[in-house]
Amino acid sequence: MGVTAADFDNDGDEDILVTNLRREGCTLLRNNGAGVFTDVSSEFGLGPATFLFTGFGAEFFDYDNDGRLDLFICNGAVTILEALRGAPYPFGQRNQLFHNEGGKFREVSALAGELAEVSRGAAFGDIDNDGDIDIVISNNNGPARLLLNEAGRGAHWLEVHLEGVRANRQGIGARVGVFSKGAKPVWRRAHSDGSYCSASPASVHFGLGREAKLEAIEVLWPDGSRERWTDVGPDRRVMLRQGTGKSVQ
């Protein structure tokens, strides 16, 4: 149904999540960096938790800005659910939010506010410009939903907008790395794809945790060039134009 790719384990390469039909569970494929993907759905707690749902739109995003990518999946059946038989539209299922604990995803849907609808598409971005990622959901036989995120407050963040010159205008496909003192770099990809029948802003969002010690941002552009910027700080939006950073070989 839906598919998304991101580096959920912060090891420098992108992993893949695929949502599936009811009684299949979603599939989490972990990248070993050498072109081999391993199914770790059960190991990370997603297989059993999603087994009874039909998943559609999905995305890895850092909802609480702690530096680890969490996961949202919107659900909705395509065949009649026996528990809802006789209802006008018997396909509603609750959407799911999972917190990345480091070695496992923990479902926190009940804490976030559950919605049981027939959800399909989901797009992600900072709608209210408060430094955390919000969600827009499209539903079958129902209204669109705007979910405003209030969980990211209190943690630092950075949002990077790219302007390609030799690369495409939005820098789609570029890899953006944040370098912080005493920590390994965290890499994210500029993209608007993923989820299901949806598109999101191509800006790149980083949760930086409670202590932000930013040293630099690097961008590996789609044309293969690489640049570095050091005059950056947390809790802001920055526009990085290709050709204005220091070239990195």
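1. Two strands are said to pair if DSSP finds at least two bridges between them. In this predicted model, strand 11 (residues 119–125) and strand 12 (residues 134–139) meet that criterion, being antiparallel and joined over five bridges. Within this pairing, Gly125 has Asp134 of strand 12 as its bridge partner.

2. Strand 12 also runs antiparallel to strand 13 (residues 145–147), with three bridges joining the two. Ile137 is placed opposite Arg145 of strand 13.

3. Elsewhere, five strands build an open sheet in the order 16-15-18-19-21, with antiparallel pairing. Its edges are strand 16 (186–189) and strand 21 (246–247), each of which pairs on one side only. Inside this order, strand 15 (residues 175–180) and strand 18 (residues 214–220) are connected by six bridges and run antiparallel. Arg175 stands opposite Leu220 of strand 18.

4. In soluble globular proteins, nonpolar side chains tend to be buried together. The largest nonpolar core here contains 19 residues, and Leu158, Val160 and Leu162 have the most contacts inside it. At least two residues of this core come from each of strand 14 (156–163), strand 15, strand 17 (204–209), strand 18 and strand 20 (236–241).

5. When neighbours within four places in sequence are left aside, Val160 is in contact with Val176, Ser203, Val204, Phe206, Ile217, Val238 and Leu240.

Notes: Residues are numbered from 1 along each chain as its sequence is written. This is a predicted model: local features need pLDDT of at least 70, side-chain atom pairs count only at pLDDT 80 or more; totals for chains, interfaces and linings use all residues. Side-chain values use heavy atoms; hydrogens and water are left out. Helices (H or I, at least four residues) and strands (E, at least two) are DSSP runs, numbered from the N terminus. A nonpolar core is a set of buried Ala, Val, Leu, Ile, Met, Phe, Trp, Tyr and Cys residues joined through side-chain atoms within 4.5 Å. Buried means under 20% relative accessible area, exposed over 50%, partly exposed in between (1.4 Å probe, protein chains only). Contact means heavy atoms within 4.5 Å.
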